[in-house]
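Please keep the structure open while reading.

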Amino acid sequence: MKKMIGLFVCLLLIGSQIVNAQSKQITGTVTSAEDGLGMPGVSVVIKGTTIGASTDIDGKYTLKAEASDVLMFSFVGMISQEITVGNKNIINVVLKSESIGVEEVVVVGYGTQTREAATGSVGVVGSEDLETVPVENVSKALQGKIAGVQVNSATGQPGAATQIRIRGFSSVNAGMEPLYVIDGVPVATGNYSYFTSTGNVLASLNPKDIESMTILKDAAAASIYGSRAANGVILITTKSGKEGKTRIRFNASYGISNITNDQDYGMMNPEELYGYMRTAIINTGYDPTTYDGLTGTPAGFFASETLPNDVETFDWEDDMFREATTQEYQLSFSGGSQKTKFFISGNYLNQEGIMVKTDLERFSFRSNIDHEVNDYLKVGVKVNGTHTEQNDRPNDGMYYANPFWAGRNILPWHLPYNEDGSFNFNIPSNQNTNPKASAEFNDQWEKQWKFNGSAYLTITPIKGLELKTLNSIEYLDGEGRRFWDPRSDDQTKNDAEKGTLQISNTRLLNYNTSNTISYKTILDEVHSVRVLAGIEAQDFDYQEHYASGEELGYVIPYLSNSLKEKSTADYGWSRYTLLSYLGILEYNYDSKYYFKGSFRRDGSSRFGEDTRWGSFWSVGASWSIHNESFMDNIQWINMLKLRASYGISGNDGIGNYDQYGVYGTSAYNGYAAATPASIPNPDLGWEENAAFNIGLDFKFLNRFDGTLEYYKRVTSEMLLDVPLSRTSGFSSMRQNIGEMENSGIEFNINAEVLRGDFNLDIFANVAYNKVELTDLAGEEEISDGFWRRHRLGGGFADYYVYDYAGVDPANGMGLWRTADGDMTYEYSKANRIYKGQVEPDYVGGFGLNFSWKGLSLLANFEYKLGHSVYVMESRYTNSDGASWGTNQSKDLLRHWKKPGDITDVPKPLINNSSGANEWGTSRYLYKGDYLRFKTLTLAYQLPRTWIEKAKLSQAKVYVSADNLYCWHNVPYYDPERNVTGGGYTPYPQTRTITFGVELGL
């Protein structure tokens, strides 16, 4: 027996020596992908054992392991990683946030919820999507990211607003933009600039200050905001400090932008235009050797078959664009103690536009401070101050001073400068307006100072009971100026005292107060209950002053230098108030069955005394199937949840005084007069939106998760402009009448394809939406502009166009279809048809996120399908000679040349009167489908061993590209136009390459 014990001891000693020989000490640091700082408390365990360690306060760890061991790194709210030891002695790991998970906490109306507890439809965009994407406007970061959210970037103007539609079009004449709520406070949106048509107050918000954006899409999620939730809600949460040492971050980026023109759209070059016009002369029956009917050219200019070598030309189209630059710098401080936490940041942005003299400059400051006074009292202050200056030029319309229009209009042999270097104003192809002189001398800008401040106080007298008051003020002060300098015009018509000046001052004050009491508790360990009640009030006040003067000189270009009889002034004031009562009930049984109900009653000053109060409510329920006992043995399903909701929200997105019969100013017999401007309607009330939603959330194999949803919402009591007989003196009257429906399906999926040293995530989402008008106040259709109609059984707006049939192969003349199906050359006999719709059938996006060690690659695509756009200016740029004397699109080079040619472009004729280029023709209606390579970002996180000597905790460099390429068939620089599918010569989108660096201490 003793011998056996001795032998066992010897074997044990030998085995331990073998183990010691194979084991080695592993060290490393675990950092956060969000800020590059060390993460304390991360669990590091050898897979299949209980052997492990935890990281210290700096994120460092040490343990012994063998080469064949697999180390598991895990932390709550972060994506776990598994790494084989192999021959490595140092293993550093970067953990990413668990962007989609059962326990993910998301911001919702008046609180937060885990994803599992949510009964409504929500989408989230995190700070990682904003950090390295070159956007100056937060709403642009949503493109292609959230199912059912359509984002239109109708213009590339720096600082311009986007147009957002959540689950389709909810109204015809009332507001359709979502409600924006920043840190619990509803804020003003839209354009409060007087002279910049694309101004946007959201451009004052710095995207790098944002922690997350939550989109509330269905009634269960959004109805608690009642009267403002019909179009969805976008909750923006800014960053807060975290307990620990102070973290300092510095970001700097530099970008280069150029126009996007992926379909090689453009105007004819001098040689092409010369040949085209010479052909038009011959087609019209003139002799090109003697023709003198083109203003500004001598007789016989078209004598030779090709453009004479001695003719000097200028590329106006190319000149209207420039390579623009963007610079952005941010310095932030965050941290705090157990009692006090803070986040402070300063940001500077200088973004040039691709059109000369257009740009945006922004200075912003933010301070978010939270302090726990004691165990039951907490206070906080959030302050954001911004100064923006936006320089603009006429760029959305067919103005002769608009470089986008003039650059395509002016004949290439009309030069910008005279021989002595002065500006040339003898430009008959642009009404003798030189856009280069206009850009040089004229002013058009808007300066705004904006302040958002909120303060909250939370009292918790007993466990579970919370009383909170949140009070805020939003202040905007704007100053605008537009000056037409006399030097920018034809000096043969104007002298130095013929300048015109317009100035404006705007002021916005928006007060909000929200006061709530809530209580939550758990009964018998399985019944979780939360109730909330509150009262809110809003007071919105907007004022504007406008003055103008004529016959000013450019030496003293101020109103004091204007003649009294040539001066005018105007003043506008508007006010709106809202009072609300609200309540929420949430119930959860054993983390399986969830119920949520909300109720809100709003009173709006926009409606009459008997109709101003509206009641809005929602109910939602969900079933966490994965928590049922019968799912215990189905290990590959991590989450399976069924949810449904129904509710009613409201819309008061109309003018502040639409209920009244208001008067407007006019002139009568040389005197100022007040005349009726609208018909009173004291019965005007709420537009209601009833929405049903059913969804299935899933996650399986710990790698794949997503959502499948169906929804239907019905808008009733629409705030509709009902047509009236012209004998009434008015064309329409706003009433509560009409109905429309939106229904659709949404699907999104995320997949963790690879985990370990190599990480690969992919995502995709698609949404189908159908709009149908079911009641139009007894009308079959209502006009939505000359080329569009709202009609029963149709979409939101269908194009109503003259039926263009192409070109007669025999003679090259444009053809039209008549109502009988016959062909005619006469535009006046053409049949009008419904063809194409404004709204897309499908919107969505997809992309990937790849990382390896410190290297990461992010790619995003977005698309829209099933809609049409109308290129309005094509009537002039594709005129077949009707716009004789201006440049033409090179698309016309496909014109008919000889009998038998099959084409849709007629032969050119001087001053063509055939009507082939008339308004409202289907010829200029194009499919708006596109697929856009939206962003591509390559980043490298420098190893800690490289940067520790510089006392840095983080160092990252990146290059990011925005709008890399767009596949489309719209004959313009970019396929996107406004949400109504139109617009004249919109400011094209830009392709931007940005280089950046992020440093942390």
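Which residues form one aromatic cluster? They are Tyr265, Phe321, Phe404, Tyr972, Tyr973 and Tyr987. The model is predicted: local features need pLDDT of at least 70, side-chain atom pairs count only at pLDDT 80 or more, and totals for chains, interfaces and linings use all residues. Residues are numbered from 1 along each chain as its sequence is written, and side-chain values use heavy atoms, with hydrogens and water left out.

**Aromatic pairs**

- The structure holds 45 aromatic pairs. Rings of Phe, Tyr and Trp (its six-membered ring) pair if their centres lie within 6.5 Å; planes under 30 degrees apart are stacked, over 60 edge-to-face, and the rest tilted.
- Trp617 and Tyr646 form a tilted pair, at 5.7 Å centre to centre and 50° between the planes.
- Trp617 lies in strand E28 (residues 613–624) and Tyr646 in strand E29 (residues 637–651), so this pair ties together parts that are 29 residues apart in sequence. Strands (E, at least two residues) are DSSP runs, numbered from the N terminus.
- Trp617 is partly exposed, at 32% relative accessible area. Tyr646 is partly exposed too, at 35%. Buried means under 20% relative accessible area, exposed over 50%, and partly exposed in between (1.4 Å probe, protein chains only).
- Trp787 and Tyr870 form a stacked pair, with 5.3 Å between centres and 15° between planes. Trp787 sits in the loop between strand E38 (781–783) and strand E39 (788–791), and Tyr870 in strand E47 (residues 868–870), 83 residues apart. Both Trp787 and Tyr870 are buried.

**Charges over rings**

- Lys468 lies over the face of Tyr456, 5.3 Å from the ring centre. The criterion is NZ of Lys or CZ of Arg within 6 Å of the ring centre and within 35 degrees of the ring normal.
- Arg791 lies over the face of Tyr834, at 3.7 Å from the ring centre.

**Nonpolar cores**

- The largest nonpolar core has 38 residues; Val172, Phe321, Met740, Phe796, Tyr870 and Tyr973 touch the most other members. A core is a set of buried Ala, Val, Leu, Ile, Met, Phe, Trp, Tyr and Cys residues joined through side-chain atoms within 4.5 Å.
- At least two residues of this core come from each of strand E34 (719–723), strand E37 (758–775), strand E40 (798–802), E47 and strand E48 (925–927).
- Beyond four places in sequence, Phe321 touches Ile259, Ile354, Phe404, Tyr973 and Pro988. Contact means heavy atoms within 4.5 Å.
- A second, separate core of 20 residues includes Ala141, Ile182, Leu202 and Met213.

**An open sheet**

- 3 strands form an open, antiparallel sheet in the order E41-E42-E43. Two strands pair if DSSP finds at least two bridges between them.
- Strand E41 (804–807) and strand E43 (823–824) stand at the edges with a single partner strand each, so one side of each has no neighbour in the sheet.
- E41 and strand E42 (residues 814–817) pair over 3 bridges. Gly806 stands opposite Leu815 in E42.

**Two buried polar residues**

- Asn681 lies in the loop between strand E31 (671–676) and strand E32 (687–700). Asn681 is buried, at 10% relative accessibility.
- A polar atom of the Asn681 side chain lies 2.9 Å from the backbone oxygen of Arg734.
- Thr990 lies in strand E51 (residues 990–1000). Thr990 is buried, with a relative accessible area of 14%.
- Thr990 and Ala117 are 873 residues apart in sequence and 41 Å apart in space, C-alpha to C-alpha.

Terms used:
Helix = DSSP H or I, 4+ residues; strand = E, 2+ residues; numbered from the N terminus. Polar contact = N/O pair within 3.5 Å; in protein donor to acceptor, adjacent residues only side chain to side chain.
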